[in-house]
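I opened this model to go through its helix packing. A few single residues come after that, then the totals.

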Amino acid sequence: MAEGPALSGTFPGFMSEGAMLYRRGEYGKALSCFNNALQLRAGDKHGLVARSRCYLKLGDMESSLKDAEASLQDDKMFPEGLYQKAETLYTMGDFEFALVFYHRGCKLRPELQKFRLGIQKSHEAIINCIGNPSSVKLENKEDLCFTSRQAEGKKADQKLQIKLTKDQKCTKRQEPARNQKTERQLLGELYADKAYLEKLLKDEDLMKSVTKQGIKVEDMVLSGIAYLNTRAEFWQQQKPLYARLRERKLRQQNWTQEKKPKPAEMARYIVKSMEDVDMLLTGDSPKESCKKAERVLKTIQGWPEDEVPNKNKLIGNLHSCIGNAQFEMGRMEAALESHKMDLEFARQNHLPDAISRALHNIGRVYARTGEFQQAIDAWEEKIPMVKSSVEKMWLLHEIGRCYLELGKAEEAQDYGERSLQSALEEGDAEWQLHAGVLVAQAQEKLKDYWSAIINFETALEKAKLVHNHTAQEAITAALDNVSRSFIEDLKEREREMEVHALRDHDFSGENTEDDNSEDTEGRASEQSLKSQRGEKEGAESDREQGHEREELNERDEKGSKEESGKGEEEESEREEEEMGDDE
């Protein structure tokens, strides 16, 4: 089977782009991004939840429920998957099953406001439909995929029964019309679609026509109108948002009419408002969350400090909420100012937890805008205040990542090793993977290729352990690059050694010639010295020989004289003897 074209992007990149498009309301484009992300990392639970949200916004309930259930396939207690499945079931009208999953998520993560809100609205919808929901069993531990699909199947069957007889059409047309104002409020932008479809019904020629698939146009138009009527009834049952906003405005008006709000009312207002701000932010509505927080901040600032406990702490918290909402909207300068206000209030009132929170958020803003040194400064100040081991691992890793972005590989390696040590102490394989990759990347920058290879291989084992296929592919590619760099480095070193060896050889050759010349000169000097010494010794020996010769000559002369004297005597004796003989 032929593979599709390679996607030019990464999983985090597609997820970030999709989230941004989702916040802008461009759900179709966001859906494409999440589809691309899931092609790179199939079955990723976060990607499935994100795509399920898009399907829900686009009205594709079946696909939304399918993705929500798929996100829970490997992790039944995945909070985001539980919430998304509950939201999808609630939108489909399965309030009882939605209530079960809201309760399950609230039991798992009781600190999350969105689960409590889901329980409340499910209760209201059930009461509006059937009365007291006490008969609903909420402690069912099994998966509800089959029952929810069965309920969905019933709804699909109801949608298929759209072809109406002439009597039913006449009966439907004779039904009393809904109040237009109420219907406009319920349907919102869809009201214009319904009016258009109703206008089409008056065109008899068009209604008699048939599509290429053999479906009557009239049946399609009546199907659309029936669907919009069902949606209007559903939204009326679940108490639409405009009604809630109206009630809140009435309550606020009642409070402003009194000279002084009662302490109990103040407390309820603060708690409810903070819950709303948090709910809107977690529900991907940062703009509404920001507006709500600004209104609450303005209200609280007008109250006297002696009647509002921890007023400064509350104001700082609201600045933090506003900054987080501005961060999600991409307004980084405004977000930075809000978090700095939070930090100022926290320092003035000596609130360590609030200081830690503000430094954390300030570092996030700086990192997002590429001002990595400022992010490092904020996060390094936060390090002594960290209490959670997970937050410590994250913080050390992010500081190391900023140093790596600044090209300071040694500092990046140091913080990566500290993050890795914390992850090893906690036994967190996921963070061991992230920290190990950071350390290896820093060592690669430092050209410590062998250490980088070892750390990449260790990180690869962790990626296999946590079944992170995308990380496995990325680390494998990084290992190939480092291995090539390592081989090239070895070759370069060999070439340098050869060059040095040749230079040393040439240098030693020159020294040999110099040494030979020096040796020649030395030998010549030694020979000259020896010759000089020889001449001196020869002269002395000549002198000695001369003396010896003189002595020998003298001795010879003496001997010769003696011999000559003896000869003369002998001759004289001979002559005398001869003379005697003659006589």
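**Entry 1: helices 22 and 23.** I began with helix 22 (residues 409–426) and helix 23 (residues 429–445), whose axes lie 8 Å apart and pack at an angle of about 160°. My axes are lines fitted to C-alpha atoms, for helices over the stretch in contact, and angles run from 0 to 180 degrees between N-to-C directions. Helix 22 and helix 23 are therefore roughly antiparallel to each other. The classes are: under 35 degrees roughly parallel, over 145 roughly antiparallel, 65 to 115 roughly perpendicular, the rest oblique. The crossing of helix 22 past helix 23 is left-handed. I use left-handed when the near helix is turned anticlockwise from the far one by less than a right angle, and right-handed if clockwise. On the helix 22 side, the contact includes Ala-409, Gly-416, Leu-420 and Leu-424. On the helix 23 side, it includes Trp-431, Ala-435, Leu-438 and Ala-442. Contact here means heavy atoms within 4.5 Å. Helices (H or I, at least four residues) and strands (E, at least two) are DSSP runs, numbered from the N terminus.

**Ground rules.** The model is predicted: local features need pLDDT of at least 70, side-chain atom pairs count only at pLDDT 80 or more, and totals for chains, interfaces and linings use all residues. Residues are numbered from 1 along each chain as its sequence is written, and side-chain values use heavy atoms, with hydrogens and water left out.

**Entry 2: helices 23 and 24.** I moved on to helix 24 (residues 449–465). Its axis and that of helix 23 come within 8 Å and cross at roughly 160°. That makes helix 23 roughly antiparallel to helix 24. Their crossing is left-handed. Among the residues that meet, I noted Leu-433, Gly-436 and Val-437 in helix 23, and Tyr-449, Asn-455 and Phe-456 in helix 24.

**Entry 3: helices 21 and 22.** I then stepped back to helix 21 (residues 389–405). The axes of helix 21 and helix 22 come within 8 Å, crossing at roughly 160°. Helix 21 is therefore roughly antiparallel to helix 22. Helix 21 passes helix 22 in a left-handed crossing.

**Entry 4: two single residues.** Is Ser-273 buried or exposed? Ser-273 has a relative accessible area of 3%, so I log it as buried. Buried is under 20% relative accessible area, exposed over 50%, partly exposed in between (1.4 Å probe, protein chains only). Ser-273 sits in helix 15 (residues 263–282). Neighbours within four places in sequence aside, Ser-273 contacts Lys-292 and Val-296.

I found Gln-472 in helix 25 (residues 469–582). At 18% relative accessibility, Gln-472 also counts as buried.

**Entry 5: cysteines.** How many disulfides are there? I searched the whole structure and found zero (a disulfide is a pair of cysteine sulfur atoms within 2.5 Å). Cys-106 counts as buried, at 17% relative accessibility. Cys-321 counts as buried, at 17%.

**Entry 6: totals.** The chain has 25 helices and zero strands. I count 36% of its 583 residues as buried. For contacts with a separation of 6 or more, 55% join residues 24 or more positions apart. The chain exposes about 36,700 Å², with carbon and sulfur atoms supplying 49% of it. That area is from the Shrake-Rupley method with a 1.4 Å probe; for residues, only the protein chains shown count as cover.
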